[in-house]
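Please find below a short note on the structure shown here. The points take up the chain contact, the sheet and the domains in turn.

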Protein chains: 2
Amino acid sequence: MSVTQLHPKADGPDFSAGCAFMDGEFVPLADAKISILDWGMVRSDCTYDVAHVWKGRFFRLEKHLDRFESGIARLRMELPFGREELEAVLHTCVAKAGLEDAYVSMTLTRGRPLKGIRDPRLCTNNFYAFAVPFVWLATPEQQEDGVHLHVSSIPRIDKASVDPKVKNYHWIDMEMSLFEAYEAGANFVVLNDLEGNLTEGPGYNLFTYRDGTWTTPGEGVLEGITRGAVLDLCSELNVGANEAVMTVDDLHAAEEILVTSTAGGVMPVTQLDGKPVGNGKPGSATTRMRQLYWAKHAAEDWSKPVRYDLAES
Amino acid sequence: MSVTQLHPKADGPDFSAGCAFMDGEFVPLADAKISILDWGMVRSDCTYDVAHVWKGRFFRLEKHLDRFESGIARLRMELPFGREELEAVLHTCVAKAGLEDAYVSMTLTRGRPLKGIRDPRLCTNNFYAFAVPFVWLATPEQQEDGVHLHVSSIPRIDKASVDPKVKNYHWIDMEMSLFEAYEAGANFVVLNDLEGNLTEGPGYNLFTYRDGTWTTPGEGVLEGITRGAVLDLCSELNVGANEAVMTVDDLHAAEEILVTSTAGGVMPVTQLDGKPVGNGKPGSATTRMRQLYWAKHAAEDWSKPVRYDLAES
């Protein structure tokens, strides 16, 4: 899991902390800034996606790009270029930063309107992206020992107001829930919807395991790519998998709990609201899922190599 | 309503398009950019306020600062300085830009955490502000003729998820409502809450007038400073004023409708979902309120002069 600077350059910009694509140019991450007038900032009117690279290979990149393009269409925006160029930009960010293991983010904002005009149809949408060393939501120790989950008292923004299938930055509910979680001694949090059914946490989906079946909330959540990977692995393994309405009672009745995120993969939950889940250690079904998830990163049909030749472009 | 460059300078930065305060320095607006990693951007985890200057005087600035500080406390953030310095920064932005009529925005974001840490308590909050020429949500013609209001089919983000009293950038519901409005031939929009009660529009509050009384939604809305000004003017005029639960039926039954915003003041609504409000022209109660609102901008107890001497600071 080491990060290797594959293409160090004696001259030129220093991309060692990350490479961004901003206003049509590749720039060091520290120089990647956005106007405080962009509607992505002043209206959080944007969608994004985060893919990752592991040991020099993009993991399920097409699924991320499909979701990103779907979010863009739902928000009635338009990318300034096609899929091929989008993909080339992401590969180039990783290549220029010389990363073997990378967190690769792409955002499209509404941009800015003509002066004095408020019609969102007249904005020029603004694309940017960046690659940085792989990000872990859980430390290596937390991944071995399991994370501690808190159930928030704050309801998730309703899906009728903001479509959770459009990956978005409307996170104040998540942020205030994180305050709650940290103060309760936890480090992860899950939010209920207004009806009291479980949804998701800040950047991750939730699964429970019971009687040989994995279950994850089916509605009011982002359809996470890692969530999808777990569902696909269940199918390959002939293990039961279920998308359903779930409540906190299902959490308490679970034999095992895990959370999924591109930033960290499959992570065991070993405490729920201060009480141990099962025997308080990562369960065997979770450990098996975690191993399979990482093993898939080398599979030809689940990943493809970064085009490091684009570093010179 | 002209904009005068009071202190043009031969050398030094060009603040004619606006002056921002960013990372502790005064910079031309075009240079005011924020890191794409700031949690204000990637989590819309921030609060803001917008005050205005009219004919060289800040209008009810204390009320804006009170609200801004209240939002900061509710989001559990901290300003890097006290009220006196905050106020001096805003005056200086206006003074350096040489504006007599200005739109003055201030934002505090969560900022960025230490590398690898997700605990929002450990972020260094990030303050910025800017002054630009006064912004009108409605053109001069629209202010004379009235704006056209659409009732959105999209519900406003619920107050249990995101406190609407904390002025925030969670606007995707508003943005998608604006698409609806423009396509319906309107230019303003109001959203219902999940229970079907009226709330607010993107940047403005709503009032109806009937039987001698002004009524505005009492819950699930930002407590707008212009909304407060209208309520105070009702009190001064001995006109009835009411904060209440309202539905679209109340809009249809209204004799007059107006919307309020710092960016434009009191604006008459003369069409509702394609039908004329009253006789389709701004009503006399609205016109009177609009005149009084602007007249108050010169009043000693409602406004105070910009400290233009700070231009040289």
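Through which surface do the copies meet? Of the interface residues of chain A, 100% are also interface residues in chain B, so the copies meet through the same surface.

1. Basis of the note. This is a predicted model, in which local features need pLDDT of at least 70 and side-chain atom pairs count only at pLDDT 80 or more, while totals for chains, interfaces and linings use all residues. Residues are numbered from 1 along each chain as its sequence is written, and chains are lettered from A and ligands numbered from 1 in the order in which they are written.

2. Chain contact. Chain A contributes 37 residues and chain B contributes 37 residues, where residues are in contact if their C-beta atoms, placed from the backbone, lie within 7 Å. On the side of chain A that touches chain B, two or more residues come from each of strand 3 (33-35), helix 1 (39-42), strand 7 (124-133) and helix 5 (172-183) of chain A. Helices (H or I, at least four residues) and strands (E, at least two) are DSSP runs numbered from the N terminus. Helix 5 of chain A gives the most, with 6 residues. By class, this side of chain A has 21 nonpolar, 5 polar and 11 charged residues (nonpolar: Ala, Val, Leu, Ile, Met, Phe, Trp, Tyr, Cys and Pro; charged: Asp, Glu, Lys and Arg; polar: the others, Gly among them).

3. Pairing between chains. Strand 3 of chain A pairs with strand 3 (residues 33-35) of chain B in the antiparallel sense over 3 bridges; strands pair if DSSP finds at least two bridges between them. Ile34(A) stands opposite Ile34(B).

4. Sheet of chain A. An open sheet of 7 strands has the order 2-1-7-6-4-5-16, with antiparallel pairing. Strand 2 (25-28) and strand 16 (303-305) of chain A are at the edges with a single partner strand each, so one side of each is left without a neighbour in the sheet. The twist averages 25° from one strand to the next (axes are lines fitted to C-alpha atoms, for helices over the stretch in contact, and angles run from 0 to 180 degrees between N-to-C directions).

5. Strand 7 of chain B. In strand 7 (residues 124-133) of chain B, 8 of the 10 residues are buried, so this strand is largely enclosed by the rest of the structure. A residue is buried if 20 or more other C-beta atoms, placed from the backbone, lie within 10 Å of its own. Strand 7 of chain B pairs in the antiparallel sense with strand 1 (residues 19-22) of chain B over 4 bridges and with strand 6 (residues 102-112) of chain B over 9 bridges. Met22(B) has Tyr128(B) as its bridge partner, and Val104(B) stands opposite Ala131(B).

6. Domains of chain A. An automatic or database domain assignment gives domain 1 (19-134) and domain 2 (140-298). Their centres, taken over C-alpha atoms, are separated by 26 Å. The contact takes 20 residues from domain 1 and 12 residues from domain 2 of chain A. On the domain 1 side, strand 4 of chain A provides the largest share, 8 residues.

Definitions and conventions. Two residues are in contact if their C-beta atoms, placed from the backbone, lie within 7 Å. A residue is buried if 20 or more other C-beta atoms lie within 10 Å of its own, exposed if 12 or fewer, and partly exposed in between; C-beta atoms are placed from the backbone.
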